[in-house]
Amino acid sequence: MKDKAAIVGIGQTERYRRGASLPKSMMDMAIEATLKALDDAGLTVNDLDGFAFYGGAPADPGSMAYLLGVPHVKFAATLTAGGSGAAGSVGMAAAVINAGLANVCVSLFVLQQVPTGRFGGSSEGPRRLPSAGGGGAYGGSTNVSPEAAFVSPASIMSPGHNFSMLTQRHMYQYGTKREHFAEVCISQRNNAMKRPQSVRQTPLTLEDYFAARMISDPLCLFDYTMEDDGAIAVITTSVDRARDLPHPPVLISGSGIGGTGNNAHLLGNFQMPDLSFASAGARDVAKQMYAMAEVGPQDVDVALLYDHFSPMVLMQLEDFQFCPVGESGPFVAEGNIRYGTGSIPVNTHGGNLSDFYCPGMTHIVEGVEQIRGTAINQVEGAEIALVTGGPSSIPMTGTILKKDR
């Protein structure tokens, strides 16, 4: 499927802080973003026939098709996992189009975190277990799964708890420091401050970082993604059709949608071998993606790395081969990920940490704008962009976007 499909349209709603999108519904925002993406692509709902979602999107393709007035739905599927599926959703769209299963696909995510529905919050844990009735399955009669019941006595009740464990291990094995996480946060904040649409606009200093409250040691407030509401959609079609549309095609040159099998317990009991424990679980995905695109990390002009927690940027720098395993801390400390001066500019839009949190979709949008040449923090001469999703539960994903020559 190399270079057979292209992203041709992007659309997004207003950006809201958590819970502020009401009274709009999630479907309202999903449809608004999709219509804007179709308009950007120079297409209409009559052209749309595919839905390539991830992480439960969470919008139902059937309901969307009905409300949009899509005449024929030729393909609809959703990748498992959460934000880790973002980059893979456009890879799936490219595969679908290349296989002839659909002609124009939308990939999207919509997030609405009303007070009772925080995305990635602690929804399960030991506090709920005492109310469980006896005699049932392990975990009692509540909605606590056996897996959650097993780890919750260790206070592992949310993604932040899981990723703090991986981070502690990386620090123990390789000497990684909190100053390295701060460099990621500050670099991305500096990028976001140049963009009027970014949510976080105030400067972030090293002193601010170390003064922030600790949430899950060693992860402090600024190591966590923001909590926002909104929707973002992108449109993918064949390269032949894309070349007749308003914007220059952004080719989907390679994609990996999977993970290292022994990283299946990344969000759970951590029964992973030492070799890959403190990693993003994306090393196999990276090899597959680079091989398909016939490029390597040395060819990538800008890297948009999924950043739900700042240390995961470091581990992806290693998995996607921008530096050797265990050396990402010194790599970022030397300024290598900074826009304008670094050897590989990372998250030039500010990422989940400072731009906007719509799990992984802003990274795709930034990748498209970098290849189009319209990004605010434009990397001069950018022709190849890496977009990733994860780490999370499998699949981890990575996609290479390329300029059409």
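Lys 2, Asp 3, Glu 294 and Lys 402 are joined in a network of salt bridges, a salt bridge being a side-chain nitrogen of Lys or Arg within 4 Å of a carboxyl oxygen of Asp or Glu. The model is predicted: local features need pLDDT of at least 70, side-chain atom pairs count only at pLDDT 80 or more, and totals for chains, interfaces and linings use all residues. Residues are numbered from 1 along each chain as its sequence is written, and side-chain values use heavy atoms, with hydrogens and water left out.

**Overall form**

- The chain has 14 helices and 12 strands; helices (H or I, at least four residues) and strands (E, at least two) are DSSP runs, numbered from the N terminus.
- The radius of gyration of the chain is 20 Å, close to the 22 Å that the globule rule gives for 405 residues, so the chain is as compact as a globular protein of that length. This radius is taken over C-alpha atoms, and the globule rule is 2.2 Å times the number of residues to the power 0.38.
- Along the principal axes, the C-alpha atoms of the chain fill a box of roughly 55 × 55 × 40 Å.
- Of the 405 residues, 59% count as buried. Buried means under 20% relative accessible area, exposed means over 50%, and partly exposed lies in between (1.4 Å probe, protein chains only).
- Among contacts (heavy atoms within 4.5 Å) between residues at least 6 apart in sequence, 75% join residues at least 24 apart.

**Salt bridges**

- The whole structure holds 18 salt bridges.
- One of them pairs Glu 294 with Lys 2, with the closest N and O atoms 3.6 Å apart. Glu 294 lies in the loop between α10 and β10 (302–304) and Lys 2 in the segment before β1 (5–12), so the pair ties together parts that are 292 residues apart in sequence.
- Glu 294 is exposed, with a relative accessible area of 63%, whereas Lys 2 is partly exposed, at 26%.
- Asp 355 and Arg 15 form a salt bridge through their side chains (2.9 Å, N to O). Asp 355 lies in the loop between α13 (351–354) and α14, and Arg 15 in the loop between β1 and β2 (16–17), so this pair ties together parts that are 340 residues apart in sequence. Both Asp 355 and Arg 15 are buried.
- Arg 241 forms a salt bridge with Asp 47, with the closest N and O atoms 2.8 Å apart. The pair links distant parts of the chain, 194 residues apart: Arg 241 is in helix α8 (residues 239–242), and Asp 47 is in the loop between α1 (26–41) and β3 (50–54).
- Arg 241 is partly exposed, with a relative accessible area of 30%, and Asp 47 is partly exposed, at 22%.

- Helix α14 (residues 361–372) has 12 residues and reaches 17 Å from its first C-alpha to its last, close to the 16 Å expected at 1.5 Å a residue; the expected span is 1.5 Å times one less than the number of residues.
- In α14, 12 of the 12 residues are buried, including Met 361, Ile 364 and Val 368.
- Leaving aside residues up to four places away in sequence, Val 368 touches Ile 7, Ile 10, Val 250 and Leu 401.
- Gly 373 follows α14 and has a positive phi, near 85°.

**Two buried polar residues**

- Arg 283 is found in helix α10 (residues 283–293) and counts as buried at 19% relative accessibility.
- The side chains of Arg 283 and Asp 319 are joined by a polar contact of 2.9 Å. A polar contact is a pair of N or O atoms within 3.5 Å; within protein, one must be able to donate a hydrogen and the other to accept it, and residues adjacent in sequence count only if both atoms are side-chain atoms.
- Ser 328 belongs to helix α12 (residues 328–333) and is buried, at 0% relative accessibility.
- The side chain of Ser 328 makes a polar contact of 2.7 Å with the side chain of Glu 318.
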